[in-house]
Amino acid sequence: MAIIFNEKEAVFNLCTKNSLYQMKSDSYGVLLHTYYGKRTEPVDYSYLICKRDHGFAGNPYEAENERTYSLDVLPQEYPSYGAGDFRRSALKICRADGTCALELRMAGYEIMEGKYSIPGLPAVYAEEGNKADTLKVTLKDTREELYVHLYYGVMEDLDVITRAVRVENRTEENIYLERVMSTCLDFSYGDFDFLTFYGRHEMERQLSRMAVHHGVQSVGSVRGASSHHYNPFVVLADQKAGETNGECYGISFLYSGDFLAEAEHDQMKQTRLVMGIHPDNFRYLLEPGQDFWTPEAAMVYSSQGFEAMTHAFHKTVRNNVCRGKYKNARRPILLNNWEGTYFAFTGEKLLKMAADAADMGVELFVLDDGWFGKRDDDYSGLGDWYVNEKKLGCTLGELSEKIHALGLKFGIWFEPECISEDSDLYREHPDWAFAVPGKKPMRGRYQLVLDFSREDVRNHIFDQMCKVLDHAQVEYLKWDFNRNISDVYSAVLPAERQGEVVHRYVLGLYDFLERLTGRYPDMLIEGCSGGGGRFDAGMLYYTPQIWCSDDTDAIERLRIQYGTSFCYPVSTMGAHVSACPNHQTGRITPIDTRATVAMSGTFGYELDPAKLSEEEKEEIRVQIERFKKYYELIQRGEYYRLTSPFEDNCYHAWEEAAADGSEALVSVVAKRCYSNMAPEVVKLRGLIPEAYYEVHCITENDGDRKEGGGYPGAALMYAGLPMPRPGVEYESFQYYLVKK
Ligand code: GLA
């Protein structure tokens, strides 16, 4: 059992392969957080707590005159608002009488085999063969029958600990939840950096690393989606931590709506990290007898830098978050028509694209936006999910049949959550879109957002989608969401429940996706929100891949995919080769470089094949074969960030290596090129030091390296692999290494 309860000391120990997480119920029943770090013997770590009177640090009544006992400085497991801890709290409630003070004390615990799940919300699950246990610790309000159940999932072999919270109102009165965070980590000692992933549309998940300083630093979203702007994944790291050294703690929030992560450095130089639903758009009414579950947070501790943390997250996301047939099945190599045609296509044009794609070895043709309702631009049509047969020149069934006859699978784009004002659906049900009474709503990309917290709205869209999907052979669906949510007001909820709408919206989205995946279990769904505007582990529970960014420029993608890789594996990152000059940046890059970058993703194409030269088509054929050959290594190997694209070097390099070190694929992109370049080496990782490796350059140019030479793993890892001189700007190279 990975959960050890030391009854005498009232200490809970949660043990994973490499970490130990500890909490203790003290003599007043306060649940203290005593340790999270490298796995050791489960000694009672409360010896580290130094009790002193720090002044202006109040004492709970039951501590009588013990002025050294203050919740304001003690490390706590789940600090509540209004009980003498003036730091950021994990829980704030408001009672019917207007009081908010909440004192929680230990009321019981339960240790269970297996991993808990959360009704209606995504959660890490145990696969056959995983060791998983659950601890539930129950805290109770000292005044009333209000219970807070803290859930811990201990995934021993995965090195992951998950947390979620259930608040239960057994009082006779209404209670409002104003802030219910999913996790809180208190560290009494240490200087930390806070790593966050910020961005914008077409430039998501840029790494930011800042020292945690006195005060509160936070990232979050109040956009109704996890957002392009900050990702619900953060890392607290020792200031000296790097890829392969130092301690770090990663937290991934499995939720696709508003979130908040706050790091506070307090008066005693202690650090607290809380993460959960953003309280700004949240006020949840709990009537007597009702309960509320928070979404889940998954945490990984690494004593060996970011790389080990990343590997644990990759494994967990791939095997214990993603679900369905395509969790393991090879994803088809696709061609999406969006950048090739935008809205301007006919059925005939699509078939020509599909035929050319099939000829190059593509396996799936995806018809993007513009096939439904009145939709020749983005002003109209959303909400009218019936096929525009006039535009296609045939039914969707016929189109998909013809595409299948070419040997391709067929996929289609939807944006189920949005509605255009110029649509039949809006004319019929204007109240289905979010709008605050008496105020004109904000438009985003000319469109409004449907109230997905409403079951009737969801049912209508679901039925429309099924009609389309049932009348054509569709193996892939792209689920898009092209704006953020504002003007939140649900016409069917009373005033006191309007603060729940954004969360209920996310629950509605999950409910819809659960139904859709249940009805079409063999369909591959790719998430998307104007690219990577909802790239989070919550969505990945329903859609095993997400379009990483609307920015398809290979050089910009280096940074986007690098940032994304800290938590999310290659198999989740939608990445395509697009045309040049690139539509977003105007940059010209070799087609091989575009493929090298897209291959460390789900891989596909997003261009009009009619505009390719015969030479380029031939190159694509070779790329597709290359991708298929190294698919397993790329998608299931361990991912190594060999360099950082944010550093001032000429090359960016990364590697996928077999877990046993028997083979590896190294990809290198020359970010810059200048005359008389200084030589650079890149140190590889994940190899066996004492083994010999053949190094094969599998792209065109290898500079002056000798093909197939044998190098010891130790040399390649500790001395490095010299980088070739690029022959053209932005040239890329891929090396396949195999143990002799
Ligand atoms: C979003 C997506 C694109 C494309 C368009 C269609 O921007 O990210 O890939 O599907 O919508 O309108």
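1. Helix 1 (residues 305–321) has 17 residues and should span 24 Å at 1.5 Å a residue; its end C-alpha atoms are 23 Å apart, which agrees. The expected span is 1.5 Å times one less than the number of residues. Helices (H or I, at least four residues) and strands (E, at least two) are DSSP runs, numbered from the N terminus.

2. The model is predicted: local features need pLDDT of at least 70, side-chain atom pairs count only at pLDDT 80 or more, and totals for chains, interfaces and linings use all residues. Numbering starts from 1 along each chain as its sequence is written, and side-chain values use heavy atoms, with hydrogens and water left out.

3. Helix 1 is largely enclosed by the rest of the structure, because 15 of its 17 residues are buried. Buried means under 20% relative accessible area, exposed over 50%, and partly exposed in between (1.4 Å probe, protein chains only).

4. An open sheet is formed by four strands in the order 1-2-3-4, with antiparallel pairing. Its edge strands, strand 1 (3–6) and strand 4 (31–38), each pair on one side only. Two strands pair if DSSP finds at least two bridges between them.

5. Four bridges join strand 1 to strand 2 (residues 11–15) in the antiparallel sense. Isoleucine 3 has leucine 14, in strand 2, as its bridge partner.

6. Leucine 48 is located in the loop between strand 4 and strand 5 (91–95). At 30% relative accessibility, leucine 48 counts as partly exposed.
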